[in-house]
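Thanks for asking me to look this over.

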Amino acid sequence: MSNKKKKKLTPTQQQFHILAKAREPHRPVFWNCIRAFLVGGTISVIGQAIQLFFMTYFHFDEKTAGNPTVAVLIFLAALATGLGVYDHLGQWAGAGSAVPVTGFANAMASAAIEHRSEGYVLGVGTNMFKLAGPVIVYGVVAAFVVALVVTTIKVLGGI
Amino acid sequence: MLQRHQTWFFDKRPVILASAAVGGPFEANGALAEDFDMLHGDIWLGEDSFEKAEKKLLEQACEIAIRKGGLKKEDVQFFLCGDLMNQTISSGFAARTLGIPYLGIFGACSSSMEGLALAGLLVNSGAAENALAGTSSHNASAEKQFRYPTEYGGQKPPTAQWTVTGAGAALVGKTGAGPKVVAATIGRVVDMGISDPFNMGTAMAPAAVDTIQAHFRDTNLSPEYYDVIATGDLGKVGHHIAADLLDKHGLKIPPEILTDCGIKIYKENQPVFSGGSGCACAATVTYGHFLNRMRKGEIKRLLVIATGALLSPLSYQQSETIPCVAHAVAIESE
């Protein structure tokens, strides 16, 4: 909890927070990191293997193999989500399965599955980007800002 | 009737004629499986949405309770029910099926004891001959509404809790054999500034403590009077905090008496983090497990303090803290 929030609390509330904090089970941060490393790494290795596969058998080069590789990973993650496996992996791996592109696919697929009961338009269509939407919004905003900065530097003769 | 500040003492001693508990697959693998009247192997219950499945659970619990009580729907004057869904749809839709005059209530996970206290009050005051109190929750529908999609791979901290899939109902009547609803203490809303929805046990513990203290202050009883004092769904984390808070406030409750429905309902090896939660947690454990034990004569006096967190996904997103409430109902066998 931030200090700003803490200041608003009454003395009794602050006392309770101290008491509660002392009894809160600790998050296994170290093991979470190890697991995230292992699973995140494994997903990346699989991605690498798929990329090499496309380069060896389908004459893609290192740059163009990116798109089909990501597509395959997204498909696999969506399939695992539909089969009800990905959420269990997520609980075990944490950031390891959330950060790679598979986590993004899971966020979209899970929301789409969840809201199927409200129909294809108001359910799936409206809610599909419920979790993944912010990534796209702030991804685009960040890219725009970076592009502005780079262009400004170029115009000023920086690069 | 009114005893000091916030406790009702039911002098006519309304009877719990029958009670029912219905559960899902996770509860079927839990520690109290044999105390359920009906268990489902499928969280969908053959329906096409989780919300419909929850409604079905509630309908079944109510129908079983009425049947076990040897009554017909027409013999029950009022149906008091609440759940966690927006606009308490599970309760309203179940009431549509039952056709019993309906009073919707909302106390989040404290709805079970809120309903039972009000049913006791109606019967005790002569406003009803028979009243039915019910409540339900469904793990997937609650996750969908309050947190993330069920298949989303997010990591939950050890303070999180597992919403019970199930429903419980109690049929309260004027006369008959069965456990008696003796007293009820209605709780104040307590907010100790906790805002983490993955730490509900901690948020609700002070509300439980406040109501327990009020109950013993109003009734002038000592904790040893009861064989079991059970909080609704504090889980391991909240239970520990509540026990320590009670100690701090000078109310000594022996650890063998004080327990929590959220700890009891699941086995140690089930992945439920801190324990069970949801309206059905206190409802199924009380209406199934505890009342069964009372009917067998294993316990004679029971105090259940159902705890509820009165937050919504919206209030959480607007950085509000979590206001909590707890209602206590005392049940005795004779």
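Here are my notes, from the overall model down to single residues.

1. First, a word on confidence. This is a predicted model, with an ipTM of 0.87 and a pTM of 0.93. In chain B the mean pLDDT is 96, and 100% of the residues reach at least 70.

2. Chain B as a whole is built from 10 helices and 15 strands. Its radius of gyration is 18 Å, close to the 20 Å that the globule rule gives for 334 residues, so chain B is as compact as a globular protein of that length. Along the principal axes, the C-alpha atoms of chain B fill a box of roughly 50 × 50 × 35 Å.

3. How is the inside of chain B put together? Of its 334 residues, 60% are buried. If you take the contacts in chain B between residues at least 6 apart in sequence, 79% of them link residues at least 24 apart.

4. Please have a look at strand S10 of chain B, residues 180–185. This strand is mostly covered, with five of its six residues buried. S10(B) pairs with S2(B) in the antiparallel sense through three bridges, and here B:Trp8 stands opposite B:Ala184. S10(B) also runs antiparallel to strand S15 of chain B (residues 324–332), to which five bridges join it. In that pairing, B:Thr185 faces B:Ala328 of S15(B). When you follow the side chains, keep in mind that in a regular strand they alternate between the two faces of the sheet.

5. Two residues of chain B deserve a check of their backbone angles. B:Arg4 has a phi near 50°, which is positive although the residue is not glycine. B:Arg4 lies in the loop between strand S1 (2–3) and strand S2 (7–9) of chain B. Is B:Arg4 buried or exposed? The cut-off for exposed is 12 or fewer C-beta neighbours, and B:Arg4 has 12 inside 10 Å, so it counts as exposed.

6. The other residue is B:Asn220, again not a glycine, with a positive phi near 65°. You will find B:Asn220 in the loop between helix H6 (200–219) and strand S11 (228–231) of chain B.

7. Now to where the chains meet. The contact draws 29 residues from chain A and 23 residues from chain B. On the chain A side, the elements giving two or more residues are helix H2 (11–23), helix H5 (86–93), helix H6 (95–98) and helix H7 (101–114). H7(A) supplies the largest share, seven residues. By class, this side of chain A has 12 nonpolar, 12 polar and five charged residues.

8. Finally, helix H9 of chain A, residues 133–155. Its 23 residues reach 33 Å from first C-alpha to last, close to the 33 Å expected at 1.5 Å a residue. How many of the residues in H9(A) are buried? The count is zero, and H9(A) is hardly covered. In general, an α-helix has 3.6 residues a turn, so residues three or four places apart point the same way. After H9(A) comes A:Gly157, with a positive phi near 80°.

Conventions. Residues are numbered from 1 along each chain as its sequence is written. Chains are lettered from A and ligands numbered from 1 in the order in which they are written. Helices (H or I, at least four residues) and strands (E, at least two) are DSSP runs, numbered from the N terminus. The expected span of a helix is 1.5 Å times one less than its number of residues. A residue is buried if 20 or more other C-beta atoms lie within 10 Å of its own, exposed if 12 or fewer, and partly exposed in between; C-beta atoms are placed from the backbone. Two residues are in contact if their C-beta atoms, placed from the backbone, lie within 7 Å. Ala, Val, Leu, Ile, Met, Phe, Trp, Tyr, Cys and Pro count as nonpolar, Asp, Glu, Lys and Arg as charged, and the others, Gly among them, as polar. Two strands pair if DSSP finds at least two bridges between them. The radius of gyration is taken over C-alpha atoms; the globule rule is 2.2 Å times the number of residues to the power 0.38. pLDDT is the predictor's confidence in each residue, from 0 to 100.
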